[in-house]
Each structure stands twice: as structure tokens, then as C-alpha cells.
Amino acid sequence: MVYLDYNATAPLRPEALEATLAALHSVGNASSMHHPGREAAARVDAARQHLADLLNCSPGEIIFTSGATEANNLALRAGYARGGMLVTTAAEHLAVIETARTVTAEQPDSLLVLPVDKDGIVDLEPLVTALHDRPVALVSLMLANNETGVLTDLAPVCKMAHEAGALVHTDATQYVGRLPLDLRALDVDLLSLSAHKFGGPQGIGALFVRRGAPLAHRPLLVGGGHERGWRAGTLNVAGITGLGAAARAARRELAHEADRIAALRDALEAALIAEVSDCRINGARAPRLPGVTSVTFPGLPADALLAAMPYVAASDGSACSSGAPSPSHVLLAMGHSRDDADSTVRFSLGYATTERDIERAAAAAVSAVRHVRSVMAATAKP
């Protein structure tokens, strides 16, 4: 199997597996005062520091969650509660879009959804107008798109939002651990992430909350006041430990990993374009994550292509939306037709991807295209 679905979930890094297993072999509630409890708390503290080192922030600014979906919910609910408009984009992950729709349900005109162009770049003009005309509570724009890998330059967004008194949240789920991120330089107030996107275990993530940000807690879970009141519940010590180990490993490898993976992505795209003349790379003209390529094969259903290359693990869009009857909302927002959106395959690479993987995947994809075209031509004959 050639695994090219890192945007859905990355393989568990060996360091994360070892750390998670070690924590599972221990007993102790991180809130308990006895020795096993203090050992558990020490594991949590170490993981919080490793993640803070990866993000270049303070450990005290990190809230552990069950993943980015929960972190997005916490961020948007707290931000919107400040009063004013909530601004996001049409190409966000559904964990942001659906949360935004939910929290603004009683005042739907307080939600502004920014469009994106055909390259997936956010149109900021409506945001500029909104910041001048109405109070804006929170602007939520993802750092990297989960389907196309297209990056958003948040520096000007943070500047204009803060000048108008608004806060900024970013869903950085696909970005963290893949490109350098410095939260001392990137002036966002809130940031969501999930461990399993950069080689940690599933079911654990975090929300960065900048110290001093004017926010009141809006916890989804109440009870013991854990995580500074943001999230009640016994801490997932094993998951947190695995997250910390993955963050430490990602930080160590980050300098050379991004360039290596970008070169592999470029090689895959070049091979596909050379053999499939009418295929298109979505967002190719925009800055992108190094390991993501969204490829449209006009007229060829993505599910048929994936079925024709069973030994390549790729996706027909966002894995969180797979199986849904509607096409990718991201590609539709970029102006693609429904047919083209349904004919798009996402390949996402990561830390364990090799040159051999890319050679095999390219060959399998080209073979799948030829097979599906042949079958469709045969069935179309009278």
C-alpha cells in the first residue's frame, strides 16, 4: 500500500507510539496529588512544553482538547460571544463553517462568509468593508486548506482586524508540524490543531489562546474546571504524551522535511501532467503546503479512479466529508462545476513518503485513468 492521505490522518510517528504506550502502561490521574498522579502531570507538562516549542508560544497558552473540531468550536463560541459579526470563508473546514452557522443561527446576518477565487485565495475586500461598517467579534481563516493545500497570508488580516478591535482565529490543523510556525510573529489570538495530522495519536488536539486576549470561557464541557476552565474532564494523559512526542519529532525534522516533501509533490504532479494531458492541479498558482495536490481528471469520477488503484490510499476530497452525496464545498467555492468537483482526487504526502511511493502512485494513477476511460467508452457504445 502506498499511503498518500496524510491530510486525513498521518501514520503514527515511532516516537509518538513509544511515548503513548509508555503512558498507557502507567496509572495516574494528572489531577491527583499522589506520586502516580504527579508522574501523569509531569508527562502532560512535558508535552505542553514540546508543543509550545513547536509553535513558539508559552505552555500556559495551550489548552488540550479532543482534536481540532472541538478546538474550533471553543474558539468560535468564545469569540462570537464578545458581540459583533463572525467572519469566515467559504472554503473553511466544515468544523468551522458548521460551528459558525450554529452560533449565529439566531442572528444569521451576523455571519459573513468571504468568497475565494479560482485559485482558492480569499477575497478580503468584504472583510475590509465589514471592519469599517460594523463591529466584528472574530475573524476565522484557516492557514492551509485541507483539500487543496492553499495557504492564507494572515499577517494583513491580523493587522486590520486588531486595528478594528476584532480577534483572529485560525484553523491550523493542516499547517502545524508541516511548515515552521512562530506564534510570536503570527499575531493570531486563537489557533486550533490536531495531533494526528502531524504523526500523533487520533483523538487529541489543542487550542492556543493568546495570553491577554479579551475572551470569556465558553466551555462545551463543564465540571472540574480543567485546562484553566476551558475544558472540564480528566486529561487524556496517553494521548497528550503522544502529541508531545510527535510535536518534538516534527520540530526536529521540520527544516529539511518540508523541502523534501515539496520535491516529491512536484514530481508526482509532473508525472501526472505528462501522462494525463487534460488533468488540472487545483490551486497550483497559489502558495501551497508542500505535501498536498488536488488533481481534477475531467469526466472521470474520483470514486471510480480510486477503486481502480486499490493499493494507493488517496482521497476524493476531504476525508471528513467522504461518503457525502454532495461534491466538495471547497472546489465549488473555487468555481468548479459539480462534475469537475466529483472528478477530483487529493493526494497528500508526509514525513514517511518516499520517492518509490511517488513512482508507484503516479504509475497507478495513470493506469487507473486509462482503465476508467476504457470502461466508460465501452459502456457508452450503443
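**Notebook: salt bridges, buried sites and overall form**

I began with Asp-187, which forms a salt bridge with Arg-210, the closest N and O atoms being 3.8 Å apart. The two residues link distant parts of the chain: Asp-187 is in the loop between strand 6 and strand 7, and Arg-210 is in the loop between strand 8 (205-209) and helix 7 (237-275), 23 residues apart. I note the rule applied: a salt bridge is a side-chain nitrogen of Lys or Arg within 4 Å of a carboxyl oxygen of Asp or Glu. Helices (H or I, at least four residues) and strands (E, at least two) are DSSP runs, numbered from the N terminus.

I recorded the basis of the entries next. This is a predicted model, in which local features need pLDDT of at least 70 and side-chain atom pairs count only at pLDDT 80 or more, while totals for chains, interfaces and linings use all residues. Residues are numbered from 1 along each chain as its sequence is written, and side-chain values use heavy atoms, with hydrogens and water left out.

**Entry: exposure of the first pair**

I looked up the cover of both partners. Asp-187 is partly exposed, with a relative accessible area of 38%, whereas Arg-210 is buried at 15%. For these words, buried means under 20% relative accessible area, exposed over 50%, and partly exposed in between (1.4 Å probe, protein chains only).

**Entry: further salt bridges**

I found that the count comes to 17 salt bridges by this rule. Side chains of opposite charge can pair when their charged atoms come close.

One of the pairs I examined is Arg-184 with Glu-61, whose closest N and O atoms are 3.6 Å apart. Arg-184 lies in the loop between strand 6 (167-171) and strand 7 (190-194) and Glu-61 in the loop between helix 2 and strand 2, so the pair ties together parts that are 123 residues apart in sequence. Glu-61 is buried, with a relative accessible area of 3%.

I then turned to Asp-119 and Arg-285, whose side chains meet in a salt bridge (3.1 Å, N to O). Asp-119 sits in the loop between strand 4 (111-114) and helix 5 (125-133), and Arg-285 in the loop between strand 9 (280-282) and strand 10 (292-296), so this pair ties together parts that are 166 residues apart in sequence. Asp-119 counts as buried at 15% relative accessibility, but Arg-285 counts as exposed at 61%.

**Entry: Ser-58**

I located Ser-58 in the loop between helix 2 (35-55) and strand 2 (62-65). Ser-58 is buried, with a relative accessible area of 15%. Its side chain makes a polar contact with the side chain of Arg-211 (3.2 Å). A polar contact is a pair of N or O atoms within 3.5 Å; within protein, one must be able to donate a hydrogen and the other to accept it, and residues adjacent in sequence count only if both atoms are side-chain atoms. Leaving aside neighbours within four places in sequence, Ser-58 is in contact (heavy atoms within 4.5 Å) with Ala-52, Arg-184 and Arg-211.

**Entry: Asn-7**

I placed Asn-7 in the loop between strand 1 (2-3) and helix 1. Asn-7 counts as buried, at 2% relative accessibility. Beyond its neighbours within four places in sequence, Asn-7 has contacts that include Asn-145, Gln-174, Lys-197 and Arg-346.

**Entry: Ala-333**

I found Ala-333 in helix 9 (residues 329-333), and it counts as partly exposed at 24% relative accessibility. Ala-333 and Asp-117 are 216 residues apart along the chain, yet their C-alpha atoms are separated by 7.7 Å. Not counting residues up to four places away in sequence, Ala-333 touches Ala-90 and Val-116.

**Entry: the chain as a whole**

I listed eleven helices and twelve strands. The radius of gyration is 21 Å, close to the 21 Å that the globule rule gives for 382 residues, so the chain is as compact as a globular protein of that length. This radius is taken over C-alpha atoms, and the globule rule is 2.2 Å times the number of residues to the power 0.38. Along its principal axes the C-alpha trace spans about 75 × 55 × 35 Å. Buried residues make up 56% of the 382 residues. Among contacts between residues at least 6 apart in sequence, 73% join residues at least 24 apart.
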